[in-house]
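Student: I am new to this structure and would be grateful for a close look at one part of it. Please treat that part in detail, and then set it in its surroundings.

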Amino acid sequence: MAARWDSVTLHDPDDDTVIAVHPRAYGRAESVRDPALVVHQLAAKPRAWGESEIRADFPDVVRRWFDERDPDDLAASLKAVSAACRDCSFDAVAKAAAALIETGKPERLHAHQFTPHARRLDQGQDTHYAHEPDLSVYDRFLDDHE
């Protein structure tokens, strides 16, 4: 942690990468509750998931999915979410994880599976493809073999 006159910077103790930067508050100030920071703590202590203050910040599908995991899968999945939160906002990571769980039903989450989706969400790109590809040109091949 580095406290400066205008900010407080939190660093990862393992590799010294910046986890978060918050504006410095003097006197009585509201506490900062950043889900992305709590995710890093949960990744280090996954058994705290059941009593975590950020359970409600995850979409229902992700929360239920985490609740159903065995301890090893939960720990690995929380580490994946933590890793993704280093590159993307917590909200984008949570939405991307929900999309992956709804479509793929994985045993464990891996950061490389949903971080690209979270990056697109952070950039404001539409991740729902409104236009399905037109595959009707291939119908003639199917008709020939029937």
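Tutor: Let us begin with Phe58, which counts as buried because its relative accessibility is 3% (buried is under 20% relative accessible area, exposed over 50% and partly exposed in between, with a 1.4 Å probe and protein chains only). The model is predicted, so local features need pLDDT of at least 70 and side-chain atom pairs count only at pLDDT 80 or more, while totals for chains, interfaces and linings use all residues. Residues are numbered from 1 along each chain as its sequence is written, and side-chain values use heavy atoms, with hydrogens and water left out.

Phe66 is also buried, at a relative accessible area of 1%. Rings of Phe, Tyr and Trp (its six-membered ring) pair if their centres lie within 6.5 Å; planes under 30 degrees apart are stacked, over 60 edge-to-face and the rest tilted. The whole structure contains 5 aromatic pairs. One of them joins Phe58 to Phe66 edge-to-face, with 5.5 Å from centre to centre and 80 degrees between the planes. Phe66 also pairs with Trp65 in a tilted arrangement, with centres 5.7 Å apart and planes at 55 degrees. Trp65, like Phe66, is buried.

Phe90 leads on to helix H4, residues 90–104 (helices, H or I of at least four residues, and strands, E of at least two, are DSSP runs numbered from the N terminus). Phe90 is among the buried residues of H4, which also include Ala92, Val93, Ala96, Leu100 and Ile101. Helix H1 (35–44), helix H2 (60–68), helix H3 (71–87) and helix H5 (111–122) are among the elements that cover the buried residues of H4 by contact (heavy atoms within 4.5 Å). The 15 residues of H4 should span 21 Å, and its end C-alpha atoms are 21 Å apart, which agrees; the expected span is 1.5 Å times one less than the number of residues. After H4 comes Lys105, whose phi is positive, near 50 degrees.

As for the setting, the protein has 6 helices and 3 strands. From the N terminus, the order of these elements is β-β-β-α-α-α-α-α-α. Of its 146 residues, 37% count as buried. Among contacts with a separation of 6 or more, 46% are between residues 24 or more positions apart.
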